[in-house]
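This briefing looks at where side chains are packed away and where space is left open. Please read it alongside the sequence and the model shown below.

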Amino acid sequence: MDVQYIKTRLLHIVCFLPFSMAAIGQTVEYRSPVEIPILMSGNFGEPRPNHFHCGIDIKTQGVENKRIFAVADGYVSRLTVGKNGFGNAIYITHPDSIVSVYCHLNDFEPSLQQLLLNEQYALQSDVVDLRLEPGVYPVKAGSWIAYSGNTGASAGPHLHLEFQRPLQDGSFELIDPLSYYTECVKDKRAPVAHGIKLYPAPGAGVVNGTGKPLIFAPEKIEKHIGTAWGRIGAAIWADDYMDGTYNKYGIRYMSLSVDGREVFSSNMSKFHYGENPMVNAWGDYAHYKKTRHWYLKSFRIPGNKLDFIETDENDGWVDICEERPYHFVYTLEDLYGNRSVYRFCVMGKPDEDAVKTMRLQYEALCNRPEFLRCEEAHIIQQPGMELHIPAGALTEDVLINVSISRKNEQVFSNTFRLNDEYVPLLSRATLLLAPSVPFANPEKLYICSSKGYVGGKYDDGWYSAQIRELAEAYELMCDTLPPSVTPLGKWTGRRTSILRLKTNDSGSGVKNLKADVDGTFVLFVRNGQTWTCRLKYAPFKAEGKRRQLNVVVEDHCGNIRKYQQTFIY
C-alpha cells in the first residue's frame, strides 16, 4: 500500500469542527468532507416512500470529481459497489464508534481503488461488498479518499453522507450529520407549512358532519376552520428552507398542542435503520402517492412505532366532546432555532347522530371478509392468484378490493389490481400468479407491474415475487427476446483505453454482463444502462495491438445476447 496516499491531507481547510462524543470515552474531531462550501440538496430524515432520507446530500456545484475527504480519524472498514443504491461507497469507522458513509462516488483514492479492483477481479463481478480490518487502511481527518460522482440511485452529481452508529443487535441507528456542521451551513429561514389536514377517527368522529378528512391552507385560516365531534386527528404538510438554495427539506422539530397541552412532538435527530418503512405509517401514504405531498400525522396509527415521536395517552388523537372552540397550535423548528407557529380553531359542535352513523358504517365494514386486521396474517385468493400478507405488514386495518381484468394476448395471466386505493406495507408481501394459458417455456415468464419487472421464481406452476405496493396492477408477461448492446463513443476498431457499452432490455431487464478481451476477463462497471471498462485496470498491458472484446449480456429470463468488437490497445 502506498503510504503517501494514506497521509494525504487537506491543503485548504474549509471547516474544522470539534464534536465531543461520549462513546468509549474519546473525543473525535469532525470536519467537512469537501473543500467547497457546504450547500445541501437534501437533509436528514426527509420522508420518502418506504424510507426516510438517511443522511445529507451535499451539492458538488453541478459537476463530478470533486475531491472527498475523511471527516475524522479512523479506518476504512468497508467498500461497496452496486449496493443499496449507493453506487460506489466508502465506510470509515471512527474511534467514537460512528461510521461515516460516502456515497455516489466515482473513483476511490488509488490504493483503495486497487483494493476494490482486486476484489472485483477475484469475484469477476462489478458488485462488491468488501470488509476491511482496522489495520488495513487507517485514515486521518482530511485524508483524501475519493472523487465525488453520480453513481447508483443518484439524480445528479452530489455527495450523500451518512453517520451510522452500530448497535449490539447487529443493526444500527442513523444520526443527522448536519449536527456536526452547523457552523458550515447558513440558515436563517424558518420552516413553512403548506397545508393542514383533519381526520375523523374511523367510526368515532366526524368533521363538518361527515367522515371525510378536511384540508385547508394555513394562510387562509379564519376564526375557525370547521366543526367536529368525537375523536379527530391532525396532520401537517410542511417544508424547511435554507439560505443560498431553492431546495426543500424535512422538518427537524415539530409539535402540536391543543388548548395549551402538547399531544404530539417529533425530533428528527436520529432514528433506527429498521424504522424506515414506518414513514408510510407516519405520513399519509395514499395522499403522497396522488399528490407528492407528505402530510405527517400528529397521531399514531398501529404501524407507527417510531421512537423519535412522542404522543399523549390518546396517541395524539383529540377528543372533541364539548361545545366550544378547541385551539390547535403547530410549532415547526429547524436545527438553527428558526421557528414557525400556526394556530387554528376547531369548533366543537354536538352531532351524536352523525357519529353513530359513522360507527355503524364502520362496524359493517369490519364484518366484511375483505376487511383485513393489521395485526393478523392474511391469505387472499382469486383464481390464478394468491397474496400472502404477513402479520404486522399493514400499517392499519384496511378494506382490500381485488379487481381482475385481462389486457391482451401478450399477457399470460389475468391482470390483478390488489386494491383500488394506495395501501402501504411495512414489510413485503408475497404474490403468486399462475398462467391462464399453457406455455411451453415457463422460465420465460415473469411477474410485472405497471412499473416493470417485479420477479418470477417458478415452482410447481406458480410464479412468486415479493411486493411492497398493493395498488399496482400485476400480471405475467413473457420475455423471449435477448437484450441489446450498443457501443458508446468512438472506440470500435480504434486505439482506446476506455470501453463503454449501453444495454437495454424492454422485457424483464438486464441481469448481468460478462466480458473478456482475447479470452482474459475484464471488468465492466454498471451505472444505469451504461457499462464502462477502464483498460488501465485490466490484467494486460497496452501494446498498441488489435484486440477483440467478447461480451455476454443476460436478462432476468435467461435470454442471452453475445456481442463482439475489435479495438486497439
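Buried means under 20% relative accessible area, exposed over 50%, and partly exposed in between, with a 1.4 Å probe and protein chains only. Threonine 532 counts as buried because its relative accessibility is 16%. This is a predicted model, in which local features need pLDDT of at least 70 and side-chain atom pairs count only at pLDDT 80 or more, while totals for chains, interfaces and linings use all residues. Residues are numbered from 1 along each chain as its sequence is written, and side-chain values use heavy atoms, with hydrogens and water left out.

**Threonine 532**
- Threonine 532 sits in strand E44, residues 530–534 (strands, E, of at least two residues and helices, H or I, of at least four are DSSP runs, numbered from the N terminus).
- Leaving aside neighbours within four places in sequence, threonine 532 is in contact (heavy atoms within 4.5 Å) with Ile498, Leu499, Arg500, Leu523, Phe524 and Val525.
- Isoleucine 498 lies 34 residues from threonine 532 along the chain, yet their C-alpha atoms are separated by 7.1 Å.

**Nonpolar cores**
- A nonpolar core is a set of buried Ala, Val, Leu, Ile, Met, Phe, Trp, Tyr and Cys residues joined through side-chain atoms within 4.5 Å.
- The largest such core has 90 residues, and Ile90, Tyr102 and Ile145 have the most contacts inside it.
- Strand E18 (residues 227–239) gives the largest share of this core, six residues.
- A second, separate core of 27 residues includes Leu387, Phe412, Leu431 and Leu445.

**Pockets**
- On a 1 Å grid over the protein atoms alone, a pocket is an open set of points with protein on both sides within 12 Å along at least five of seven lines, and lining residues have an atom within 4 Å of a point.
- Grid points are joined across faces, edges and corners, and a volume is the space filled by probe spheres set on the points.
- The largest pocket holds about 1300 Å³ of space, and among its 43 lining residues Tyr199, Pro202, Glu396, Asp397 and Val398 lie nearest its centre.
- Strand E16 supplies the largest share of the lining of the largest pocket, seven residues.
- The second largest pocket holds about 870 Å³, and of its 42 lining residues Asn88, Val525, Arg526, Asn527 and Thr532 lie nearest its centre.
- Elements that each supply at least two residues of the lining of the second largest pocket include strand E10 (99–108), helix H2 (110–123) and E44.

Conventions:
On a 1 Å grid over the protein atoms alone, a cavity is a set of points where a 1.4 Å probe fits but cannot get out, and a pocket is an open set with protein on both sides within 12 Å along at least five of seven lines; lining residues have an atom within 4 Å of a point.
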